[in-house]
Amino acid sequence: MWLELMSGIAAGAALVTLPGSWSLARWTWAARRPVTPPTLAPSNAPILLLVPAHNESASLPQTLPRLLAQAQVDGNCRVLVIADHCSDNTAEIARAFGAMVLERNEGARGKGYALAAAFALLPDVPWYLIVDADSRLDANFLAVLRCKMAENPDGIQARYEPDCASDDPNAALRHWALHAFNVIRPRGRAALGESVGLLGNGFALSNATLQRVPYQAGSIVEDLEYQLSLAAAHCKLAWLEDVAVYGEMPQGENARVQRQRWEGGRLAMIRRNVLPLMIRICRGETHLWPILQELTLLPLSQHMLLLLLACSAGGWPQALGLLGLLVLMFHTGLALFELPRALRSSALLCAPRYVVWKIMQLPSIFRGSRSGALWQRSVRHIEQEKTS
């Protein structure tokens with residue numbers, strides 16, 4: 001009886017991971033190809049750089065002057081800070097630096113609602129660029145973005161890299177993990193001619209796209225939610241790897257909060273959308289296939305645990321489990337190989353401890369997947385320094 005139960009669980013794990021392993025194999029194999037940089041003459045269309053901010057008075061003095069300086073050099077870019085339900089002086093600081101400010105103190109709180117309000121306030125801008133309040137851009141970001149804009153895509157996702165604190169003991173591992181998720185996967189999807197996903201930071205949307213698909217995304221993973229809407233409307237997001245946005249990565253308890261939001265929200269979207277998407281694809285809406293592939297791939301730590309569970313049985317579940325583990329090694333191995341040499345050994349040494357930590361976070365991640373879970377802001381490193 002016990003053996004039969006375990007065999008059934010292992011078979012289930014093998015079947016659940018199969019679509020994700022297939023997607024991971026396709027994207028990783030395609031990601032070996034070099035990226036072709038934009039070749040068209042740059043577009044001179046006006047850009048509105050949106051900075052959603054909730055109690056960011058500590059971060060803005062660091063990030064906003066750089067963004068404003070880059071906008072001034074560009075010459076056709078304005079910066080709007082969205083002070084969303086702030087209890088500090090975020091709005092006053094943004095104004096003092098010379099940015100436009102939209103203050104929101106009514107309605108639901110969250111990044112998705114804040115962005116929707118900004119799009120509604122200034123609906124006639126040709127292009128919108130979204131950058132988090134704790135982030136910085138490569139010096140030539142806007143110039144290269146303009147070359148990509150000239151290709152007239154529906155939207156653009158730029159490379160998103162972690163900006164880790166100097167005392168972060170897991171910095172190398174964060175670079176490894178995010179390089180796999182934020183670079184290898186979108187590069188592979190772009191090479192296959194598919195739309196890349198939204199990563200929540202460093203992405204641009206055209207006015208035509210927002211007119212066609214209004215920004216209505218209020219979940220804790222608003223980027224993935226809006227990506228589903230774009231896929232349903234046949235919109236395609238282009239990949240821009242030549243320049244990057246660098247976002248701060250929290251540590252300690254704040255890393256747990258961020259993981260709960262990212263992975264819990266993602267699990268909620270999987271639970272809510274996979275079956276309806278499968279039904280629609282069976283009815284002929286085959287353009288939804290790429291977004292279904294993305295949703296069927298669980299966060300890699302959970303994917304790996306299920307693969308190990310599949311390997312615990314014999315027969316075909318074990319074979320699929322081993323095959324999936326090989327694909328996972330190929331994917332993470334490519335991401336590790338592309339890291340600077342100095343980071344590789346540190347990342348490998350941190351990996352076992354990180355896997356144990358991720359397993360311990362599973363209860364909070366599952367709690368974060370419940371309906372009605374609230375968006376929670378991670379405390380910035382500079383705020384921790386001031387209070388320590």
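Biologist: Is N55 buried or exposed?
Modeller: N55 is buried, at a relative accessible area of 17%. Buried means under 20% relative accessible area, exposed over 50%, and partly exposed in between, with a 1.4 Å probe and protein chains only.

Biologist: What should I know about the model and its numbering?
Modeller: This is a predicted model: local features need pLDDT of at least 70, side-chain atom pairs count only at pLDDT 80 or more, and totals for chains, interfaces and linings use all residues. Residues are numbered from 1 along each chain as its sequence is written, and side-chain values use heavy atoms, with hydrogens and water left out.

Biologist: Back to N55, where is it found?
Modeller: N55 is in the loop between β1 (47–53) and α2. Helices (H or I, at least four residues) and strands (E, at least two) are DSSP runs, numbered from the N terminus.

Biologist: What is the phi of N55?
Modeller: Positive, about 55°, although N55 is not a glycine. H234 is another residue other than glycine with a positive phi, near 65°.

Biologist: And where does H234 lie?
Modeller: In the loop between α8 (222–232) and β8 (237–248). H234 counts as exposed, because its relative accessibility is 52%.

Biologist: Let's switch to helices. Which residues of α5 are buried?
Modeller: F141, L142, V144, L145, R146, C147, K148 and M149. That is eight of the nine residues of helix α5 (residues 141–149), so the helix is largely enclosed by the rest of the structure.

Biologist: At what angle do α2 and α5 pack?
Modeller: About 55°, with the axes of α2 (residues 60–74) and α5 9 Å apart. Axes are lines fitted to C-alpha atoms, for helices over the stretch in contact, and angles run from 0 to 180 degrees between N-to-C directions.

Biologist: What do you call that arrangement of α2 and α5?
Modeller: The two helices are oblique to each other. Angles under 35 degrees count as roughly parallel, over 145 as roughly antiparallel, 65 to 115 as roughly perpendicular, and the rest as oblique.

Biologist: Which residues meet there, between α2 and α5?
Modeller: Q70, A71 and D74 in α2 meet F141, L142 and R146 in α5. By class, this contact of α2 with α5 has three nonpolar, one polar and two charged residues. Ala, Val, Leu, Ile, Met, Phe, Trp, Tyr, Cys and Pro count as nonpolar, Asp, Glu, Lys and Arg as charged, and the others, Gly among them, as polar.

Biologist: Now α13. Where does α13 bend?
Modeller: At A351, by about 40°. A proline, P352, follows within four residues. The bend at a residue is the angle between axes fitted to the seven residues ending there and the seven starting there.

Biologist: What span should α13 have?
Modeller: Its 20 residues (341–360) should span 28 Å at 1.5 Å a residue, and the end C-alpha atoms of α13 are 30 Å apart, which agrees. The expected span of a helix is 1.5 Å times one less than its number of residues.

Biologist: And which residues of α13 are buried?
Modeller: A347, C350, A351 and K358.

Biologist: What is L336 in contact with?
Modeller: W176, R344, A347 and L348, leaving aside neighbours within four places in sequence. Contact means heavy atoms within 4.5 Å. L336 lies in helix α12 (residues 315–337), and counts as buried at 13% relative accessibility.

Biologist: On to E161. Where is E161 found?
Modeller: In strand β6 (residues 155–163). E161 counts as buried, at 9% relative accessibility. Beyond its neighbours within four places in sequence, E161 is in contact with H179, V183, A244, V245, Y246 and G247.

Biologist: Last stop, α1. What does T17 touch?
Modeller: H303, L306 and L307, not counting residues up to four places away in sequence. T17 is found in helix α1 (residues 2–30), and counts as buried at 3% relative accessibility.

Biologist: And L3, buried or exposed?
Modeller: L3 is exposed, with a relative accessible area of 67%. L3 is also in helix α1. L3 and A313 are 310 residues apart in sequence and 9.1 Å apart in space, C-alpha to C-alpha.
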